[in-house]
Amino acid sequence: MDSTEKAECGRLANYLNAVLPALGQFNNSDAADVAGPQHSKWRELLDRPLPESGQGLDSVLSELQAIVIPNGLRLGAPSFAGWITNAPTTAGTLASVAANIAGAARYWVTAFNLLETVALRWLCELLGLGQHFQGLFVSGGSPANLVALGAARQYSLQRLGFDPARDGTPDMRRCRIYASSEVHHSVFRAAGILGIGRRNVSQIPVDSEMRMDLDELQQALERDAAANLIPVALVANAGTTNTGAVDPISEMLEIARQHNIWFHVDGAYGLFGRLDPRVTQLFSSVEHADSIVVDPHKWLAAPTGSGVVFVRDRAILERAFTMEAADYAEGAMAEGEIKSTFDSLGEDYLQLGPEMSAPSRGVAVWAILKEIGATGMCDRVVRHCAYARRVFELASADERLEALTRPTLSICCYRYRAPGATERALDELNAQIAQRLHIEGIVPSTTKVCGKYAIRPCFINPRTTIKEVEHMVTCTRAVGDQLLAQRRVSLRA
Ligand SMILES: Cc1ncc(COP(=O)(O)O)c(C=O)c1O
């Protein structure tokens, strides 16, 4: 190595081996989670001024081992059932380490480029989408929704004679995106980025099961057509973030076809639910959508930074996301036979979305599915949906608990209740219960269901067993009883 280079570029195995025990211990959830309670301690150690001269890799290693890793985020702890985030399984981690070292970009003629394509094909097959879909990896569900809605905008305005990506767009304020009031908030952000405007996402009310109300949808479409507004997309939730509800996909598809609107399905969390035979029929017709989003970094437990958008015609993505040509990007690519890795970009994903340089994400999905197969994933989904049903059963059977939703997929919202308490007092009490559970390392998330504060476990963590599920409910009851006995909350608040 050039003697003036300060960075260690070799001895990789030595350093990886050295950091492995700390990572292994973290991964096994062997130690207590002290990151929150002790944050001022480690913050002070890490938040230091920029060093004028380097302190060397051994110093980096020792701080990683002693301070950074032990104070990481314990998404993989078996009692973690909060939000829709996951810790990768071993296969995904292994593959992403391999990608960092041997496949640092998804382009050119490499095994990593091929595995982008293979993984997309496998996901399509696993989810029953048919091979007519063409996919693209992006960094998560939010950018995946953005890409899909970018395609929808291109489609809708091209029909009116405009090319929005090339020329800009006349009067985008007349555009509308239709989605249920339970839609993920990334759809609003996408509308903002695309120039449509967050306020032009028309929020259609839901029925008692949190699914889009189709009469309300029809009325909104007719009202807006009379006002000469431009329908850009109809978005169906295939598993809402809040409660796991699945919108009436087949009926919405029909309505989208009647009105000639781009039909998008946000299955970032829930599309894997299609693998559970008990609910698979809820997803029928999804394969006829114009665009579909699914996140491997959620239920599939791929490393964070893995979302997928599928469209039926990739050419629309090329029109929506094309960059203008640049000499530096054309390079020395050769026509004909490939004699060098750099003679071709391989399967060319860079024209299909907003990212140019991007990591290889397919390799982790390939590794995970190769390890457990379609059946392994199916078993996981069935098990997790059963956990949510178990929470429902336990909460319904306990006079001090109340199930607030009947689970469709792997989420069940419930709360503690106390006789004579006002709704406001119950909200406060349940917020306190959730906080106490978190302190004890039991981590559901929370939400509101019809205005009621709810404890909301979402089971996508491969390490969770029925023991943790039942323990969470038992502890909710016990903590609620304790808080009431200690009169920590006023029931009349
Ligand atoms: C239905 C749905 N769509 C989109 C997203 C956004 O995904 P990400 O956090 O990967 O950006 C989420 C996140 O939970 C989600 O549940």
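This is a predicted model: local features need pLDDT of at least 70, side-chain atom pairs count only at pLDDT 80 or more; totals for chains, interfaces and linings use all residues.
## Residues around the ligand

The shell around the ligand holds 15 residues, among which G141, S142, T241, D266 and H297 come nearest. Sorted by class, this shell has 9 polar residues, together with 3 nonpolar and 3 charged ones. Helix 6, which spans residues 141-158, supplies the largest share of the shell, namely 3 residues.

## Polar contacts and cover

In the side chain of S142, an N or O atom is 2.6 Å from an oxygen atom of the ligand, while for T241 the corresponding distance between a side-chain N or O atom and a ligand oxygen atom is 2.8 Å. K298 also takes part, with a polar side-chain atom that lies 2.9 Å from an oxygen atom of the ligand. On its own the ligand has 390 Å² of accessible area, and the protein covers 84% of this area.

## Helix 4 against helix 13

Helix 4 (residues 90-102) and helix 13 (residues 362-397) have axes that come within 8 Å and cross at roughly 145°, and the crossing of these two helices is right-handed.

On the side of helix 4, the residues in contact are A91, G92, A95 and A99, which meet V363, A364, A367, I368 and E371 of helix 13. Taken by class, the residues of this contact between helix 4 and helix 13 comprise 7 nonpolar, 1 polar and 1 charged.

Key:
Residues are numbered from 1 along each chain as its sequence is written. Side-chain values use heavy atoms; hydrogens and water are left out. A residue is near a molecule or strand if one of its heavy atoms lies within 4 Å of it. A polar contact is a pair of N or O atoms within 3.5 Å; within protein, one must be able to donate a hydrogen and the other to accept it, and residues adjacent in sequence count only if both atoms are side-chain atoms. Accessible areas come from the Shrake-Rupley method with a 1.4 Å probe; for residues, only the protein chains shown count as cover. Helices (H or I, at least four residues) and strands (E, at least two) are DSSP runs, numbered from the N terminus. Ala, Val, Leu, Ile, Met, Phe, Trp, Tyr, Cys and Pro count as nonpolar, Asp, Glu, Lys and Arg as charged, and the others, Gly among them, as polar. Axes are lines fitted to C-alpha atoms, for helices over the stretch in contact, and angles run from 0 to 180 degrees between N-to-C directions. A crossing is left-handed if the near helix is turned anticlockwise from the far one by less than a right angle, and right-handed if clockwise. Contact means heavy atoms within 4.5 Å.
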